[in-house]
Amino acid sequence: MPLATERVGVHARPMNRNAFTMIRCANRQIMAVEARSRQSFARHTHDDYGIGLIVAGAQRSWSGRGAVEAEAGDIITVNPGEVHDGAPIGAGRAWRMLYLARPTVAAIAADIGEDGKGGAADFEFTRPVLTGPALVRRFNLAYAAQTDGRSDAADAAEALILLLAGHIGETRTLTSSPPSGLMRVRTRIDDDPAAPHPLEELAQDAGGSRFQTLRGFARLTGLTPHAYVVQRRLELARRMIVDGAPLADAAAGAGFADQSHFNRSFVRRYGATPGAYAEAAR
């Protein structure tokens with residue numbers, strides 16, 4: 001059966017305007033995004049693995065894997081929870097991304113592991129930018145199989161495995177063990193981002209002072225505790241919007257008491273207003 005996809009443009013196409021198209025694939029654990037923008041994005045995170053292609057222009061970004069530049073023809077990657085930003089070089093840039101839920105990547109890693117090339121343990125992409133025509137061909141095949149509505153489920157699955165196989169073979173296992181107190185703080189926020197999380201209480205959970213907690217958490221995640229809370233709330237609100245919740249309910253349910261603050265934060269994070277994002281996700 002052909003893949004069912006949905007394409008809704010968020011804005012017009014000129015490079016001097018933001019233009020985002022979210023494409024919902026038949027596999028609900030995959031979301032495709034096409035974007036064209038001059039916008040600079042502040043530091044943020046994603047819940048999913050991301051792999052994409054710069055199709056026009058260039059950008060520079062910072063992540064936990066270093067400061068990098070990518071131009072048309074480069075493959076870009078991002079790991080779940082990895083703090084990163086992005087800014088155009090010159091007039092703007094355009095890109096295509098596949099965002100893959102962790103269980104999808106873990107299942108492919110387990111398959112590859114049977115051949116001795118990888119495993120289903122926690123891992124991360126080691127390089128934020130990769131080059132090479134073979135990588136681009138594999139990405140384009142996988143992207144088309146997921147989004148063009150003409151490939152069957154088996155073709156789409158095989159193309160995705162081929163895309164990730166080389167990358168997973170190059171991943172490294174995450175072995176460092178963050179301090180347990182800071183992990184308790186992150187878990188507390190992840191479990192209920194909409195709840196209040198005053199720094200004093202987070203410091204008690206961490207077993208340190210407010211300053212020690214703020215500094216240690218920033219080292220662990222790349223964000224201060226408050227910035228991390230905002231990111232988790234935005235992700236919660238985004239999921240609620242995709243599920244059909246009214247915008248006001250999504251904002252309140254995610255812990256935003258101020259609607260204008262929610263709107264501004266959402267635009268900085270996703271490059272589109274909540275209303276435009278809701279329209280594109282339907």
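How many residues apart are Glu235 and Arg238 in helix 7? They are three residues apart, and are therefore separated by about one helical turn. Keep in mind throughout that this is a predicted model.

**Stop 1: Glu235 and Arg238**

Select both residues and show their side chains. Glu235 and Arg238 form a salt bridge, with 2.7 Å between the closest N and O atoms. Glu235 has 6% relative accessibility, so Glu235 counts as buried. Arg238 has a value of 15% and also counts as buried because the cut-off for that class is under 20%.

**Stop 2: Asp47 and Arg232**

A salt bridge joins their side chains, at 2.4 Å from N to O. Asp47 lies in the loop between strand 4 (41–44) and strand 5 (49–63), while Arg232 belongs to helix 7 (residues 225–242). The pair is 185 residues apart and links distant parts of the chain. Are Asp47 and Arg232 buried or exposed? Both are buried.

**Stop 3**

**Stop 4: Glu200 and Arg210**

Move to Glu200 and Arg210, another salt bridge, whose closest N and O atoms are 3.5 Å apart. Glu200 is in helix 5 (residues 199–206) and Arg210 is in helix 6 (residues 210–221), ten residues apart. Glu200 has 43% relative accessibility and therefore counts as partly exposed.

**Stop 5: strand 8 and its partners**

Select strand 8 (residues 84–100), then bring in strand 3 (residues 30–37). These two strands run antiparallel and are joined by eight bridges. To find a point on this pairing, select Ala35, which stands opposite Trp95 in strand 8.

Next, show strand 4. Strand 4 runs antiparallel to strand 8, with two bridges between them. His44 stands opposite His84 in strand 8.

Then show strand 5. How many bridges pair strand 5 with strand 8? The two pair over eleven bridges, in the antiparallel sense. Here Gly52 stands opposite Met97 in strand 8. While looking along the strands, note that in a regular strand the side chains alternate between the two faces of the sheet.

**Stop 6: helix 10**

Finish at helix 10 (residues 274–281), which is mostly covered. Of its eight residues, six are buried. Select Pro274, Ala276, Tyr277, Ala278, Ala280 and Ala281 to see the buried residues of this helix.

Conventions
Residues numbered from 1 in each chain as written. Predicted model: local features only at pLDDT ≥ 70, side-chain atom pairs only at ≥ 80, totals over all residues. Heavy atoms only, no water. Salt bridge = Lys/Arg side-chain N within 4 Å of Asp/Glu carboxyl O. Helix = DSSP H or I, 4+ residues; strand = E, 2+ residues; numbered from the N terminus. Buried < 20%, exposed > 50% of the residue type's maximum accessible area, 1.4 Å probe, protein only. Pairing = 2+ DSSP bridges.
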